[in-house]
Amino acid sequence: MKAKGKHILVVDDEPPIQRNLRRNLTAMGYEVLVAENGEQAVEMARLHYPDLILLDLHLPNGKLDGIDVCVQVRQLMQTPIIVLSALTEEKRKVQALDLGADDYLTKPFSTEELLARVRACLRRANATAEITDPEVLQSEDGYLYMHVARRQVLVAGHEVRLTPTEFELLRRLMLYAGKVLTHRSLLRAVWGPEYGEEADYLRVYVRQLRRKVEVEPSRPRYILTEPGVGYVFHVRVEVQSS
Amino acid sequence: MQLGVISLTFNRGEGEFGDESGKGKMKTRTRPSTQEDFAIVERVARIVSSVRGTKPDYRRLAAELELAIPFDVVGIVLLRHDREGVRVTVCHREEYQGPTRWTALQHQHPRESSMLGQMLQTPRPILREYENGLDGPPALCGDALSSDHRLHSTLIVPLIIEERVLGTLELGTIAPNTYRDEALQRLVRAVARVLAAAIEGVQLEGKTQIQDRQHQALKDVSFALTSKMELPTILDQIVVGLAKSLNVASAIMMYDRQTALLQVEALAGLDREIFPKICRCNAYVREECIIGYTLQHHRPSICYDLTTDERFPLNHVYARELNIHSVYTFPLMTDTTVYGVLLLCSAEPGGFTPLKVDIFSLFASQATLAIDTSMLLEAVRQRSLSQESALLSSVSHDLRTPLTTIKAAVTGLLQADLAWSEQARREMLEDVDSETDQLTVMVNALIELSRIEMGALMLEKEWCDIVEVIHGTQAKLDRRLAVYPMHLDLQPHLPLVYADHAQLERVFYNLLDNAIRHSPEGAEIVIAVDVLEKHESPCVRVRVIDHGRTVPEHERERIFRSFHYGFRSYGSGLGLAICKGIVEAHQGCIWVEALQNDEGKASGSCFIFTLPIRANSGVSARATV
């Protein structure tokens with residue numbers, strides 16, 4: 001997918017990191033905008049409608065911090081947001097994801113990792129923009145096949161019976177393949193807006209799902225655990241619309 | 001409190017009068033004049049007011065009663081709070097010229113041998129005539145009256161309110177046959193009821209006041225304990241609090257094991273010079289002193305009357321020099337060690353009610369807690385002082401090495417006059433990359449370790465599949481594990497463990513990393529997981545076995561400490577310390593054993609940790625290093 005023309009807004013208060021990111025992203029063909037604090041970030045997002053936002057959660061200069069930026073940007077647009085978080089910021093990272101961020105990178109990160117995430121995010125954004133209601137979801141290797149309308153799931157060609165909840169859970173994971181879905185977002189999406197804290201509950205379902213769908217449930221290849229954050233469907237998924 | 005209307009329209013001659021409610025049988029009534037009515041009501045009011053207030057004025061009471069009731073001696077006997085003794089107030093007429101005056105004397109004696117004791121069993125008026133003058137013990141003749149030989153006629157009525165007997169009213173006259181008159185008896189009983197009501201009111205009020213004082217004192221002490229006061233200040237607050245709330249004198253004495261002497265640490269209400277001087281006597285730790293007795297027997301002790309208690313002859317001096325007549329001691333101790341004694345002293349014999357005793361024990365346990373805590377803090381402070389320097393020097397060393405490498409490489413690359421080959425350039429940059437990784441690992445480990453040590457480790461527990469955690473860890477170490485055949489020995493149907501997934505992964509990561517670093521290439525690494533059903537709580541046991549160097553016995557504890565250098569350590573020696581912190585935060589245990597081959601020779605190490613399947617409460621790790 002072409003990087004040309006894609007605008008990325010970098011939000012970070014530290015000049016070395018700003019320079020670094022600008023350099024690397026520009027070298028890959030992206031157009032880069034830089035904001036130094038929360039207020040600037042929201043302003044620039046509003047003005048330029050970037051294709052992606054790289055947001056450092058730690059923004060000490062200004063009244064808005066990373067979380068606030070997330071919330072405000074989400075109110076305006078659906079632009080994918082990757083948060084850059086430090087090791088000690090686990091909770092805030094999850095909070096950002098719950099509030100609308102799409103992915104995260106833990107500092108210090110390698111350029112390789114950064115670019116890979118950026119690419120993945122842009123691709124997902126593109127894909128979901130085109131297909132809002134997929135008919136078929138299939139893992140790249142063909143192992144998992146899901147026909148949404150027929151509510152049919154095939155594992156290595158054999159039909160597998162899933163409960164409605166398991167089905168919905170799997171569908172959501174596959175639809176957002178590559179993106180870590182937080183416990184909260186999964187609970188809300190599958191069970192309803194009153195849910196959010198019952199990570200244990202979710203865990204049981206994931207375990208059940210793995211038993212039906214994975215080759216080695218204890219060594220999952222498709223549905224992976226992101227400890228402390230949520231779950232992710234790790235393999236690429238092809239989406240077909242009707 | 002309702003007095004009711006007690007019509008004291010008593011005519012000694014006729015013998016009829018209204019009862020309390022103003023109703024009741026009345027034949028011909030001798031109607032008094034309104035003036036007299038008023039006088040009577042006023043008198044009743046004065047009777048009541050004489051017994052109210054913190055110090056009842058029994059002389060006034062006697063003066064008021066005298067106007068309606070004949071007596072030469074009147075006694076009010078009240079039950080003590082602890083119900084073990086009786087307080088007696090005896091009022092005699094003063095035999096001097098001028099208007100009649102009354103003197104009041106007070107004393108106490110045990111309930112068993114008292115008239116009141118009997119009255120409690122069967123409350124009833126007791127009328128006695130002594131032809132030859134009163135002669136007999138209190139139980140027979142009256143607690144207040146018994147010592148007065150002149151009396152020939154006595155009447156004792158209970159001070160009773162509803163069903164409760166508070167005390168007795170004792171009346172005696174020198175003249176005989178005074179109280180035979182039934183009307184007089186009824187009057188006396190009516191007066192007794194008024195008195196009882198008034199006294200009870202005072203007692204209840206007093207209780208509330210005491211409670212308020214005690215509350216305040218308790219609050220003060222708690223505050224002292226929770227704010228960071230020095231130990232001497234806390235001890236001071238405790239004795240002052242006790243003295244204030246219980247109206248007694250109080251002291252704390254600590255026992256110095258080395259000199260075998262008692263040291264007065266805090267005082268309230270006792271003479272600051274005399275008391276410590278007396279206590280410095282080294283005989284005080286003997287059993288003949290109540291303090292010594294407490295120290296030796298590890299039990300609270302009470303002495304109701306120092307002057308007469310034979311158990312503690314050494315304490316008679318308290319009565320003489322300090323006017324202390326009863327003492328309550330409480331040992332300040334933990335488990336087995338007695339630090340000292342908390343003392344309560346009262347000028348009255350038998351001065352401690354059960355309520356006071358309860359409060360006392362509460363204060364005593366606070367005092368022990370304070371002492372214990374401060375000793376602990378002292379010990380910790382000593383230890384951390386010695387550890388701090390080690391930590392600082394290792395941290396600075398370990399961080400500087402990679403930084404030096406990075407600086408060297410980068411400045412080299414920047415130098416304009418040096419021409420580097422593509423290869424050299426690449427190598428230096430790779431160095432920078434790997435040193436940065438190393439630094440990252442170290443910094444992360446430091447952060448984790450400080451979290452653990454500060455007790456700030458917040459665990460996000462959930463039901464984890466250990467096998468999943470192991471696989472996750474393996475994935476992260478994939479490259480480095482490639483040259484080591486890894487074998488998983490897993491008990492089938494392992495239960496889920498309630499633990500923090502990410503932290504658990506860290507434990508596995510560090511243990512595997514350790515195994516990798518110390519194993520010869522190609523040597524097998526085994527992870528075995530099974531369930532131990534030991535005692536009441538089953539737990540999961542994980543063993544990480546490698547064929548590297550065996551940890552010698554004297555190192556087996558030290559390697560789990562932070563910044564351990566030497567045997568099987570690497571980098572900054574933090575990995576195993578972190579494992580320990582995390583495992584223990586989950587209420588588990590971690591240790592290392594030697595692996596022995598078939599010939600019984602040491603051939604490797606086995607790191608073992610256990611996790612209770614359900615680790616309950618306790619969100620942060622203890623400071624374990």
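The model is predicted: local features need pLDDT of at least 70, side-chain atom pairs count only at pLDDT 80 or more, and totals for chains, interfaces and linings use all residues. Residues are numbered from 1 along each chain as its sequence is written, and chains are lettered from A in the order in which they are written.

S6(A) runs antiparallel to strand S7 (residues 144-147) of chain A, joined by three bridges (pairing requires at least two DSSP bridges). Gln138(A) faces Tyr145(A) in S7(A). The two strands form a hairpin with four residues between them. In its turn, Gly142(A) has a positive phi of about 80°. Strand S13 (residues 237-240) of chain A is also antiparallel to S6(A), through four bridges. There, Val237(A) is the bridge partner of Ser139(A).

The largest nonpolar core holds 58 residues. Such a core is a set of buried Ala, Val, Leu, Ile, Met, Phe, Trp, Tyr and Cys residues joined through C-beta atoms within 7 Å; buried means 20 or more other C-beta atoms within 10 Å of the residue's own, with C-beta atoms placed from the backbone. Leu54(A) and Leu55(A) touch the most other members. Domain 1 (7-130) and domain 2 (136-240) of chain A, with bounds from an automatic or database assignment, both contribute residues, so the core lies between them. Another core, of 48 residues, lies apart from it and includes Val248(B) and Tyr328(B).

Conventions:
A residue is buried if 20 or more other C-beta atoms lie within 10 Å of its own, exposed if 12 or fewer, and partly exposed in between; C-beta atoms are placed from the backbone.
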